[in-house]
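Please open the structure in your viewer and keep the selection tool at hand.

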Amino acid sequence: MHGGAYKNMKTLLRHKLTHHDSSKYDGFRLTNLGYDYLAIRTMVSRGLISGVGRQIGVGKESDIFEVVTPEGETMALKLHRLGRTSFRAVKSKRDYLKHRNSYSWLYLSRLAALKEYAFMKALGEHGFPVPRAVDWNRHCVLMTLVKGYPMVQVKNLSDPAKAFDTVLGLITRLAQHGLIHCDFNEFNLMIDDEENITMIDFPQMVSITHRNAEMYFDRDVECIFKFFGKRFNYSPPGIKMLKGPSDAENLDDDEEEGDGRPDFETVAGGEESLDKVLEASGFTRKDQETLEQFIENAEGEEDLSEEEEEEEEEEKEDDSENLQAENVDNISNAGGSFQKLTVDDRLDEEIDSSRDPQSLPVVSEENAATKPCFSLQDEGDESESGEEEDPKLQKRLEKTRNRAASHVKGGGRSRNSRNASKDKGGRRSRHVSTSSGYEF
Ligand code: ADP
Ligand code: MG
């Protein structure tokens, strides 16, 4: 390798932004951390964010952090990690490898971010209660922070009937606009103290023209009926608890009666379809198909045994070279504290590269699909099923937190010691991906 390029690659490796792999071929791949670095740096360069705070969510295939804007507003930054779940599937030797060959996870995470941004923006503009989509880059989406909690954490509601109607109304209104959420559940509905509801998490949405649309619609509806029934002991009036066959005979068979579920055929369509709006955003039908293929296959792959999970946990114990583990030391500070990010070109200078973050000589993620030697670093253990019970989420967060804490204390294979980050403004500061000592 040419001398200059060699030096650059070495620097990137040292900072764990790339990983050298010589098992199948001699090549380098961009790590999660490297991809995070590029995206967050771009957000900072655009003047959108100036600091990163605690991690507020670990989703099935994402990490969510609080960030702060230069104006001091707290927002949410979602980093998509498609493949985190599927990594397990690859390991368990199911037929996932075909995806790996055709699309890199880096590419899929970028598609998921674009889709989420485009849908959130379109939905917001059509009056749906969603976070405001601020911007996106690579696998990251910047959005406003929702006040409140995921509904799964709520034990009582003062007005369950109102909440139920709002939530069911959202499903039907989405269908009227040609869309189905497909993951419409208590984990993706946020509720605040006034019981206002906000819907989140859109990468898996499909059109009502999808071949399984009705099934997805019914599944979303069912989730809500089940959750409200179980958690709040609520079912809408007019829904009888069937005691015997004679009760069933007395029920009409029209749309709102019978089992009380809205009927897909009846409610779908009618309003302006958002399909066109979405295409205009740059998220094409082809992109949608690509993602759908991935997500549909992933759905069948989530039921790994505890044993397999444990196995992976162990294997990935030292996988702390990623943003998630490295940068949640603030998590215990419970909000309000942000690591200041500044666009500091030290790293760029070090790798003797263009200062344009888009052209760091790592990999062009646009090409990732066609360059199999670069793929997103495998990362399986932190995956969190959004459908799991909250205590499990807490357990994982706790684990992540502990790892980060041990890094701060110098317990882990900390790179802080090698490249101690400088304090800025008198505040002890660690930075997103700055365990390597650089800032954005
Ligand atoms: P995933 O697709 O991985 O399930 P989500 O978008 O559902 O990711 O986010 C996971 C969790 O992060 C949510 O359950 C919620 O607690 C939190 N979260 C996500 N977006 C926001 C936001 N805009 N404001 C506040 N919390 C959020
Ligand atoms: Mg979710």
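Begin with Cys-182, which counts as buried because its relative accessibility is 5%; buried means under 20% relative accessible area, exposed over 50% and partly exposed in between, with a 1.4 Å probe and protein chains only. This is a predicted model, in which local features need pLDDT of at least 70 and side-chain atom pairs count only at pLDDT 80 or more, while totals for chains, interfaces and linings use all residues. Residues are numbered from 1 along each chain as its sequence is written, chains are lettered from A and ligands numbered from 1 in the order in which they are written, and side-chain values use heavy atoms, with hydrogens and water left out.

Select Cys-140 next: its relative accessibility is 0%, and therefore it counts as buried. The structure holds 0 disulfides (pairs of cysteine sulfur atoms within 2.5 Å).

Now select ligand 1 and the residues around it, those with a heavy atom within 4 Å. There are 20 such residues, of which Ser-62, Lys-78, Val-146, Asn-188 and Asp-201 come nearest. By class, this shell has 11 nonpolar, 5 polar and 4 charged residues.

Zoom in on the oxygen atoms of ligand 1. A polar side-chain atom of Ser-62 lies 2.6 Å from one oxygen atom of the ligand. In the side chain of Asn-188, an N or O atom is 2.8 Å from an oxygen atom of ligand 1. Glu-61 has a polar backbone atom 3.5 Å from a ligand oxygen atom.

Finally, select strand E3 (51-59), which gives the most to the shell around ligand 1, with 3 residues.

Definitions and conventions: A polar contact is a pair of N or O atoms within 3.5 Å; within protein, one must be able to donate a hydrogen and the other to accept it, and residues adjacent in sequence count only if both atoms are side-chain atoms. Helices (H or I, at least four residues) and strands (E, at least two) are DSSP runs, numbered from the N terminus. Ala, Val, Leu, Ile, Met, Phe, Trp, Tyr, Cys and Pro count as nonpolar, Asp, Glu, Lys and Arg as charged, and the others, Gly among them, as polar.
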